[in-house]
Amino acid sequence: MPYAINHVHIRAADPHASAAWYEKYFEAKKVSEREVMPGTITIGMEVGGPTRLNVSSKPAGSSDERPEAELNRLGLEHFGFHVDDLEAELAKFEADGIRVVLPLTEVVGGTKLAYIEGPDDVLIELVQPAA
């Protein structure tokens, strides 16, 4: 059986605000909102491909500790979005005060990438494939 990633799941202090951020910056579309675990909500979002983005509230009694959005941390470090014009995307994020963790970098083969900090200390890679 071939496997494919079904979803990326983010825990958020304010899932509605986080979902709105992904709607604004990545044209994500909210497709569901439901209680999955008692006392929490999960907002399901489509973001231009087969992998869904789920944003959930944190369960009562959970720790408020979370890692800073930085490169090279252990565990799930980041997820990435394809972009057509990385310079324009970075200008948009910078104009809105969104932290750029790694500025535009061109790697061997001509692919361009950069990293930004999303809501909930999530590290997001922006990838512009080589022309």
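Two strands are taken to pair if DSSP finds at least two bridges between them. On this basis, the predicted model contains an open sheet of four strands in the order β5-β8-β7-β6, and the pairing is mixed. The edge positions are held by β5 (79-82) and β6 (100-106), each of which pairs on one side only. Neighbouring strands of the sheet are turned against each other by 20° on average, direction ignored. Strands β5 and β8 (residues 123-128) run parallel and are joined by four bridges; within this pair, H82 stands opposite V127 of β8.

Two helices pack on the sheet. Helix α2 (residues 86-95) touches β6, β7 and β8, and its direction makes about 15° with that of β7. Helix α1 (residues 15-26) lies across β5, β7 (112-117) and β8, and runs at about 15° to β8. The end C-alpha atoms of α1 are 16 Å apart, which agrees with the 16 Å that its twelve residues should span at 1.5 Å a residue. The buried residues of α1 are P15, S18, A19, W21, Y22, Y25 and F26. Seen down the axis of α1, these buried residues fall within an arc of 150°, so they line one face of the helix. The helix is followed by E27, whose phi is positive, near 55°.

The largest nonpolar core comprises 25 residues, of which W21, Y22, F26, F79, I116, I124 and L126 touch the most other members. At least two residues of this core are supplied by each of β1 (7-12), α1, β3 (42-46), β4, β5, α2, β7 and β8. The largest share, five residues, comes from α1. When residues up to four places away in sequence are not counted, L126 touches F26, F81, V83, L86, L90, F93, K112, L113, A114 and I116. A second, separate core has five residues, among them A69, L113, Y115 and L123.

Leaving aside neighbours within four places in sequence, N54 is in contact with H7, V8, H9, I10, T42, I43, G44 and M45.

Terms used:
Residues numbered from 1 in each chain as written. Predicted model: local features only at pLDDT ≥ 70, side-chain atom pairs only at ≥ 80, totals over all residues. Heavy atoms only, no water. Axes fitted to C-alpha atoms, helices over the stretch in contact; angles between N-to-C directions. Contact = heavy atoms within 4.5 Å. Core = buried A, V, L, I, M, F, W, Y, C linked by side-chain atoms within 4.5 Å. Buried < 20%, exposed > 50% of the residue type's maximum accessible area, 1.4 Å probe, protein only. Expected span 1.5 Å × (residues − 1). Arc of directions from axis to C-beta.
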